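Here are some notes on the aromatic rings and the overall fold. Please read them with the model open.

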Amino acid sequence: MISTLRLGIVSDSHGRVESTRAAANLLESFDVSQVIHCGDIGTPEVISALARWPTHYVFGNCDGQLDALRAAMKEAGGTCHEEFGTLKLEGRAIAFLHGDDHRKLVESITSGTFDLVCHGHTHRAKQEMIGETLVLNPGALFRARPLSSAVVELPSLEVTSLDL
């Protein structure tokens, strides 16, 4: 039997705790085991809303108070990857970044190194295959219609988009 892992992907919460809690409840219903936040976290309270999982964070262009965010991540058991993160899960190489550094985003996608590249920044949900790499923007938890997140099944890379 092939093992599977469900990975929750969120981005652009911009300090909106209520929409982050709603996304967390939805992710929980999908039985995710880890979460990636692709930046523009906003406030330490957003980190608390995701504390039920091992959560991996990168900073976005709107994130300030980085020391407070780092401290909240540590307290919640999360991992701060600064501006660029990588994981190896279920045999899949995953990169995640905010996406405001377009050169770094394109480099990550076209490097041939990653099976999955997750990013935010645009507040628009999108998924597409570029070469052998699945590129996923889960959408945003602020200033998006609808507010959205995503679940990625590993190792298959099957994506379920979740509208709040």
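1. F84 is partly exposed, at 26% relative accessible area. F114 is buried, at 12%. Buried is under 20%, exposed over 50%, partly exposed in between (1.4 Å probe, protein chains only). The model is predicted: local features need pLDDT of at least 70, side-chain atom pairs 80 or more, while totals for chains, interfaces and linings use all residues. Numbering starts from 1 along each chain as its sequence is written, and side-chain values use heavy atoms, without hydrogens or water.

2. A search of the whole structure gives one aromatic pair. F84 and F114 form it, edge-to-face, with 6.2 Å between centres and 65° between planes. Rings of Phe, Tyr and Trp (its six-membered ring) pair with centres within 6.5 Å; planes under 30 degrees apart are stacked, over 60 edge-to-face, the rest tilted.

3. The pair links distant parts of the chain, 30 residues apart: F84 is in strand 5 (84-89), F114 in the loop between helix 4 (102-110) and strand 7 (116-118). Helices (H or I, at least four residues) and strands (E, at least two) are DSSP runs, numbered from the N terminus.

4. Which charged end sits over the ring of F84? That of K104, 4.4 Å from the ring centre. R16 lies over the face of F142, at 3.7 Å from the centre. The criterion is NZ of Lys or CZ of Arg within 6 Å of the ring centre and within 35 degrees of the ring normal.

5. Overall, the protein has four helices and 11 strands. Of its 164 residues, 50% count as buried. The C-alpha atoms fill a box of roughly 35 × 35 × 30 Å along the principal axes.
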